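The model is a predicted one.

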Amino acid sequence: GKRDVIPPKLVESLPENQSTNFKERTIQLKFDEFVQIKDLSNQLIITPRLKNTPEISAEGKKVIIHLGKEELLPNTTYRFSFGKAIADMNESNSIPNFEYVFSTGASIDTLELKGKVKDAFNNKPVGTVLVALYPLASANDSAVYKNEPAYYTKSNDNGEFLLKYLPAKT
């Protein structure tokens, strides 16, 4: 038959994607075909950052996320951006920009910040670099050395970036 070029599709998530009042320790993402996880250390971005890296594994048609004893911040929207890490087992068709989002509060934060990273010397786009957002309280000339960013993402090949699910804070 023809070569499979279609990435897996999410058929169910427990708890549901975009859940509010989240209190779970384990997340299950169920797909329509067997899946694998590829290059998770370079693909996965969790914002805001967690103190401990969750245990993430592929088991048949599921991706399981174990948060362990991680203390989640109250009234905070968390975004697990998998990039191209989730793929089907046979042909390695990756799901582009797959995200799982939940909030520990009553609503999902919806603010966004987008822009384009350009090289200061030649004004050309800079791709696949980290773009970080720091709270105003920690903003000073050494913030990037002394503090961790609250939110971050990667620019695409054209230098474009999008920070999503941001709270209404400075």
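## Strand β9 and its partner

β7 and β9 pair in the antiparallel sense, and the pairing runs over five bridges. Within this pairing, T77 stands opposite S103 in β9. Five of the five residues of β9 are buried, so the strand is largely enclosed by the rest of the structure.

In a regular strand the side chains alternate between the two faces of the sheet. In β9, E99, V101 and S103 point one way, whereas Y100 and F102 point the other way, and all of these residues are buried.

In soluble globular proteins, nonpolar side chains tend to be buried together. Here the largest nonpolar core has 22 residues, of which L29, F31, I65, F80, F82, I86 and F102 touch the most other members. At least two residues of this core come from each of β2 (26–31), β6 (62–66), β7 (77–81) and β9 (99–103), and β2 supplies the largest share, namely three residues.

With residues up to four places away in sequence left out, L29 touches L10, E12, S13, K61, K62, V63, I65, F82, F98 and Y100. There is also a second, separate core of six residues, and among its members are V131, A150, L163 and L166.

## Aromatic pairs and a charge over a ring

A pair of aromatic rings is described by the distance of the centres and the angle of the planes. The model contains six aromatic pairs. In one of them, the rings of F22 and F102 have their centres 3.8 Å apart and their planes at 25 degrees, so the pair is stacked, the limit for stacking being under 30 degrees. This pair links distant parts of the chain, since F22 lies in the loop between β1 (10–14) and β2 while F102 belongs to strand β9, 80 residues apart. Both F22 and F102 are buried.

Ring pairs also join F22, Y78, F80, Y100 and F102 into a cluster. Elsewhere, K61 lies over the face of F34, at 5.6 Å from the ring centre.

T104 lies in the loop between β9 and β10 (111–116). How is the side chain of T104 placed relative to the backbone oxygen of L73? The side chain reaches that oxygen at 2.6 Å, and a polar atom of the T104 side chain also lies 2.9 Å from the backbone nitrogen of T76.

T104 has a relative accessible area of 15%, which is under the 20% limit, and therefore counts as buried. Its contacts, not counting residues up to four places away in sequence, are N21, F22, L72, L73, P74, N75, T76 and Y78.

## Backbone features in the loops

Two cis peptide bonds can be described. One joins L14 and P15, with omega about -10 degrees, and P15 has its place in the loop between β1 and β2. The other runs from T47 to P48, with omega near -10 degrees, and P48 is found in the loop between β4 (45–47) and β5 (55–59).

Positive phi values in residues other than glycine occur at N21, where phi is near 50 degrees, and at T128, where phi is about 50 degrees. N21 lies in the loop between β1 and β2 and, at 45% relative accessibility, counts as partly exposed. T128 is found in the loop between β10 and β11 (130–133) and is exposed, with a relative accessible area of 58%.

Note on methods
Residues are numbered from 1 along each chain as its sequence is written. This is a predicted model: local features need pLDDT of at least 70, side-chain atom pairs count only at pLDDT 80 or more; totals for chains, interfaces and linings use all residues. Side-chain values use heavy atoms; hydrogens and water are left out. A nonpolar core is a set of buried Ala, Val, Leu, Ile, Met, Phe, Trp, Tyr and Cys residues joined through side-chain atoms within 4.5 Å. Buried means under 20% relative accessible area, exposed over 50%, partly exposed in between (1.4 Å probe, protein chains only). Helices (H or I, at least four residues) and strands (E, at least two) are DSSP runs, numbered from the N terminus. Contact means heavy atoms within 4.5 Å. A polar contact is a pair of N or O atoms within 3.5 Å; within protein, one must be able to donate a hydrogen and the other to accept it, and residues adjacent in sequence count only if both atoms are side-chain atoms. Two strands pair if DSSP finds at least two bridges between them. Rings of Phe, Tyr and Trp (its six-membered ring) pair if their centres lie within 6.5 Å; planes under 30 degrees apart count as stacked, over 60 as edge-to-face and the rest as tilted. A charge sits over a ring if NZ of Lys or CZ of Arg is within 6 Å of the ring centre and within 35 degrees of the ring normal.
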